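Please look over the entry shown below before reading on. The questions after it are meant for someone meeting it for the first time.

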There are 2 protein chains.
Amino acid sequence: MAGKGKSGAFHRRHLLQAGLAGAGAAVSSEVMAADPVPPATQTPGKPMSSYGVPSPHEANVQRIIGAAYPVVSPGTGSSRTPLHLLDGTITPAGLHFERHHNGVPNIDASAHRLLIHGLVARPLEFSIDDLLHYPRTSRIVFIECAGNSGANGAPQPPQTSAGAIHGLLSCSEWTGVKLGLLLEEAGIDPRATWMIAEGSDAASLSRSIPLAQAREVGILALFQNGERLRPEQGYPLRLLMPGWEGNLNIKWLHRIKLTDGPVYAKDETSKYTELQPSGIARQFDLVMGAKSVIIRPSVGMTVPGAGFYEISGLAWSGHGRIARVDVTVDGGQSWTEAELTGPVLPQATCRFRLPWDWNGKAALLQSRATDEKGNTQPTHTALMAQRAVGQIYHYNAIQSWQIEADGTVSNVHA
Amino acid sequence: MAGKGKSGAFHRRHLLQAGLAGAGAAVSSEVMAADPVPPATQTPGKPMSSYGVPSPHEANVQRIIGAAYPVVSPGTGSSRTPLHLLDGTITPAGLHFERHHNGVPNIDASAHRLLIHGLVARPLEFSIDDLLHYPRTSRIVFIECAGNSGANGAPQPPQTSAGAIHGLLSCSEWTGVKLGLLLEEAGIDPRATWMIAEGSDAASLSRSIPLAQAREVGILALFQNGERLRPEQGYPLRLLMPGWEGNLNIKWLHRIKLTDGPVYAKDETSKYTELQPSGIARQFDLVMGAKSVIIRPSVGMTVPGAGFYEISGLAWSGHGRIARVDVTVDGGQSWTEAELTGPVLPQATCRFRLPWDWNGKAALLQSRATDEKGNTQPTHTALMAQRAVGQIYHYNAIQSWQIEADGTVSNVHA
């Protein structure tokens, strides 16, 4: 077929020219024309409801709960977004990943306060009602845990779903008040170069954040996907730092203290540092790198036989917009640029799609994202050479899925 | 203050230049610097959960349930999105408006089939698994019921919330298969000019849709905001016709029949026609017009006193992208262009925002959207002159909110 490389990956233009039937995609059954009467038409349905929930037939679509570390409390660990069961780019709030250091506090918004203090001219305290009085802004932004995909750093790659490996990643529309507005109101002392943001969870999770960037991009988020924040996403107030490590997006935010340096909080020394082979740990490596993952197909799915498929997945970068995603089905011998559907927004996930006519022989699928700043993804080998054993953070290597002739998919280091 | 018109509405550039404090926005309290210890830090929180729900402190954020007509069955009516309690543009699926003609059927996706038949070369039947095999596309798109805002057509405008009046409008990211692909696979008979789409609810809701546009823009939606459709949004399959009347976005879709004309189904003769003053009814007026509504402030909110506020609301058009939204605070004597935040996408809601320094005197707030095709909103009087008494569909007149000196907000015809 014209336009199809020998690898079987189509350039997107040619699929549109050829039509899907020409690509061997038809899986429907030809039937006699008849006016069917489905059983559901025979009985009146359920009435309207005040807050909808998923179909009971989709009860398997759940967050994947796991303890990130040996359990110190029931609320210490994470749950992952089941990326392999979803499509598009927005994550429903109920399936947004969680990473808690001591559980989800139950906070009454009317009693919650935000304090801005430290190196400021006027320490200020805000109720949530105060914050709701300010101008707001909205952005569609991903949040990714620094430890996302870390399991791929193991010598034997995990044979688990794309969600179980990469699901410490979610994307929402967040709405709130620009942090810079409130910092200006408090009056920034010229000596202030960092700020400490602290949550009011039982871990008092706190992180040091460079002030200049926080002032420029930080948002005090009050709404997620239209509605007020969910408890496990920081209700009633979360610091949003678009593109930065997930844990900097402090949940249940109750204070911001301006300082002249980082405080080296327990959460940025015992965790979230990156040990190098030299024995020196890299600290405050805060922006999440360019990354992508093919989600369809991935481990747990079976490619039923030779023929047409759509390869699709997610790409994102903390540095800005995704510029392109290249896909290979032959382990890197040839690459084809995938289509990016929908708006491609800075610090947001975007969905890439590429038609693939599988010849039924073993294939090695990989995707490689490049962002607008030119950042791209290293190979697994190149990334691991830069890190000490056990270093799990900022793993953004190319994900490799091996497709066997029988259609099974496995996770491989390639 | 430079940049502020005599009406008090700021041009957005000047707010940024002046800083918020200069605009009189500060509502925080100055406090002594101290390191607070919120109560929530004293007790370990709740563990991770498999599917999150809103905070119990936000239990009032619900769809507004009402019967659109005298109740013929518990499942006949609508529920509205509480727009006045939300922000941003995405509607969480649990709060997406509903309009059911005989309830929400309980459908097992594995038993559901889509039939494409009528004037086609090959009638085809698809299971949901079949459809999931095809290439997909994603779009952020609003759906608006043709009857949305119809209550404003009454001589006395309703004194209810923005959601209660305009909440038959929601916006989601939808993902599915392009309808055109499947129509081409079935082989379109040259005589086919329309198609009939039918739902498998107990009302067998069916609509005639011009084939050319359906082929071009129609999507067989399987996912909403990342996850599979909710039952009340058509699980497992919905026809998405971006920008067209909500009822054309057939839920629980089970067949598409190609025809050489409309069928004049009960749902497009007893309802969804527009009676003109001449006594002639306009039929198949299918695209939703340019529209906007100020949501903050609106009825039910109180503007507590002179000072700084943000006016914000939603704008949308079935014809394409919103090009601009103009806002007046003096009943149309002067208009100021509002800022559109976030990506402005075709057939999607966008959020407009405008700073306003209220002088504490009576004010009349209005917004007027203009889309990229030049469509805009009529006044209430101009719109009503075109329609017979009781005609509720396609009401897209300018919404007027009267602010009294005591800060109360009322809905007025102006």
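The questions and answers below go through confidence and then the interface.

This is a predicted model, in which local features need pLDDT of at least 70, side-chain atom pairs count only at pLDDT 80 or more, and totals for chains, interfaces and linings use all residues. Residues are numbered from 1 along each chain as its sequence is written, chains are lettered from A and ligands numbered from 1 in the order in which they are written, and side-chain values use heavy atoms, with hydrogens and water left out.

Q: What pLDDT does chain A average?
A: pLDDT is the predictor's confidence in each residue, from 0 to 100. In chain A, residues 1-5 stay under 50, and residues 11-25 are also below 50. Of the residues of chain A, 90% score at least 70, and the chain averages a pLDDT of 92.

Q: How much area do chain A and chain B bury between them?
A: The contact (heavy atoms within 4.5 Å) takes 106 residues from chain A and 106 residues from chain B. Buried area is the accessible area (1.4 Å probe) that two parts lose on being put together, summed over both. Carbon and sulfur atoms carry 59% of the area buried here, which comes to about 9000 Å².

Q: Which residue of chain B forms a salt bridge with Glu58(A)?
A: A salt bridge places a side-chain nitrogen of Lys or Arg within 4 Å of a carboxyl oxygen of Asp or Glu. Between chain A and chain B the count is four salt bridges. For Glu58(A), the closest N and O atoms are 3.8 Å apart, and the partner is Arg228(B).
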